[in-house]
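Here is a friendly briefing to read beside the picture. Keep the sequence and the structure open together as you go.

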Amino acid sequence: MKTSECYLPEGSYTALPEMRQALSSPEGLRRAQDEGMILEAVAQRCTAAHDLLFDFGFAQGIMPRSCCALGVAEGDTREIAILSRVGKPTCFAVTEVDETSDPPVVWLSRTIVQQRAQDFFLDTLTPGDVIPAAVTHLEPFGAFVDIGCGVASLIGIENLSVSRIFHPSDRLSVGQSIYAAVRSVDRKTRRISLTHRELLGTWEQNTAQFSPGETVRGVVRSVEPYGVFIELAPNLSGLAEPRSDLAAGTVVSVYIKSILPQRMKIKLTVIDVLAASEAPPLPQYFITEGHIDEWVYTPACCDRKYIATVFE
């Protein structure tokens with residue numbers, strides 16, 4: 001894994017012992033300032049001027065608007081990036097400890113640690129590197145994730161899984177910790193894009209979990225005149241006979257009639273309609289670290305559609 005333990009998604013720092021020690025006294029904060037430590041606390045309030053306020057008990061933390069997120073000062077980042085931090089763990093560096101005030105005031109900057117993290121990622125990451133991330137919000141076109149200290153990256157909906165979905169919420173939920181692979185690094189625009197599907201296993205790896213004759217749970221992903229596509233795992237779907245009472249998103253139990261590697265097909269029969277789940281099932285990862293040069297989903301014996309990714 002190329003990512004550094006120094007730059008983790010926000011929410012990952014709170015439980016660290018050195019974090020509690022640094023946030024326990026003015027001396028601890030001054031030491032953190034001298035050492036350039038990355039700290040984390042929950043933003044309690046956002047003022048009308050869009051400064052974030054933190055309560056350390058013995059002192060008040062103030063993060064000026066221009067220090068709350070990369071791009072805010074330049075107008076490249078929307079104000080919602082600041083407003084949405086209230087009630088959430090937020091990374092920062094200490095820039096000043098003023099003990100002449102009562103209570104003491106601690107000045108904070110999130111942009112300092114974000115800049116450091118972004119510089120590190122742009123300098124060290126290459127396509128195919130596997131990194132941890134945390135889902136921050138979902139849009140119809142993809143999932144935005146935090147790859148470290150609030151540095152945002154996008155996973156396009158087409159890269160979330162091999163099985164087609166209609167919205168990223170079919171696959172992920174906000175706040176979820178995931179793994180992703182670097183798809184591209186654009187140092188000119190300072191953007192890093194990610195992909196997810198390559199970590200969820202090949203067709204053979206996924207079908208190894210199932211056997212003909214079993215009855216398992218599945219989710220309807222599309223209904224076509226010739227049949228119903230049912231997802232058994234994020235990277236694996238099968239085809240059942242047409243049924244008029246099914247729609248995309250319906251949870252069903254299905255009987256596995258056959259698994260055909262040469263055609264990369266699974267034949268299913270719908271047994272029953274089940275109660276819908278409130279959240280998408282957690283993904284099963286086949287890769288969680290290291291680097292991928294090439295990923296081939298299609299079985300070697302298959303003479304049909306070829307699905308692969310070359311990282312370059």
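This is a predicted model: local features need pLDDT of at least 70, side-chain atom pairs count only at pLDDT 80 or more; totals for chains, interfaces and linings use all residues.

- Leaving aside neighbours within four places in sequence, Phe144 is in contact with several residues, including Ala134, Val135, Thr136, His137 and Glu139.
- Ser153 and Leu154 are also among the contacts of Phe144.
- Phe144 and Leu154 are ten residues apart along the chain, and their C-alpha atoms are separated by 4.6 Å.

**Strand S7 and its partners**

- A hairpin of two residues joins S7 to S8.
- S7 and S8 run antiparallel and are joined by five bridges; in this pairing Glu139 stands opposite Gly142 of S8.
- S7 is also joined to S10 by five bridges, and these two strands run antiparallel. Here Ala134 stands opposite Ser177 of S10.
- Strands of a sheet pair through backbone hydrogen bonds, in either a parallel or an antiparallel way.
- Why is S7 described as largely enclosed by the rest of the structure? Seven of its ten residues are buried, so the rest of the structure largely encloses S7.

**The largest pocket**

- How much space lies in the largest pocket? About 1,700 Å³ of space lies there.
- The lining of the largest pocket has 50 residues, and the closest to its centre are Phe144, Gly150, Val151, Ala152 and Ser153.
- Elements that give two or more residues to this lining include helix H3 (80–83), helix H4 (110–124), strand S9 (151–156) and strand S11 (191–195).
- S7 provides the largest share of the lining of the largest pocket, seven residues.
- By residue type, the lining of the largest pocket divides into 21 nonpolar, 17 polar and twelve charged residues.

**The second largest pocket**

- About 950 Å³ of space lies in the second largest pocket.
- Its lining has 33 residues, of which Val162, Arg164, Phe229, Ser237 and Lys305 are the closest to the centre.
- Strands S12 (215–224), S14 (236–240) and S16 (265–273) each supply at least two residues of the lining of the second largest pocket, and S14 gives the largest share, five residues.
- The lining of the second largest pocket divides into 15 nonpolar, six polar and twelve charged residues.

**An open sheet with helices against it**

- Which order do the six strands of the open sheet follow? The order is S1-S5-S6-S4-S3-S2, with mixed pairing.
- The edge strands of this sheet are S1 (39–42) and S2 (45–46), each of which pairs on one side only.
- S4 (residues 60–63) and S6 (residues 105–109) run parallel and are joined by three bridges; Gly61 stands opposite Val106 in S6.
- Helix H2 (residues 26–35) packs on the sheet, where H2 touches S1, S5 and S6, and its direction makes about 100° with that of S5.
- H4 lies across S4, S5 and S6 and runs at about 120° to S5.

**Ser258**

- Ser258 lies in strand S15, residues 251–260.
- Ser258 has a relative accessible area of 19% and is buried, because that label applies to values under 20%.
- Leaving aside neighbours within four places in sequence, Ser258 is in contact with Pro212, Lys265, Ile266 and Lys267.

Notes
Residues are numbered from 1 along each chain as its sequence is written. Side-chain values use heavy atoms; hydrogens and water are left out. Contact means heavy atoms within 4.5 Å. On a 1 Å grid over the protein atoms alone, a cavity is a set of points where a 1.4 Å probe fits but cannot get out, and a pocket is an open set with protein on both sides within 12 Å along at least five of seven lines; lining residues have an atom within 4 Å of a point. Grid points are joined across faces, edges and corners, and a volume is the space filled by probe spheres set on the points. Helices (H or I, at least four residues) and strands (E, at least two) are DSSP runs, numbered from the N terminus. Ala, Val, Leu, Ile, Met, Phe, Trp, Tyr, Cys and Pro count as nonpolar, Asp, Glu, Lys and Arg as charged, and the others, Gly among them, as polar. Two strands pair if DSSP finds at least two bridges between them. Axes are lines fitted to C-alpha atoms, for helices over the stretch in contact, and angles run from 0 to 180 degrees between N-to-C directions. Buried means under 20% relative accessible area, exposed over 50%, partly exposed in between (1.4 Å probe, protein chains only).
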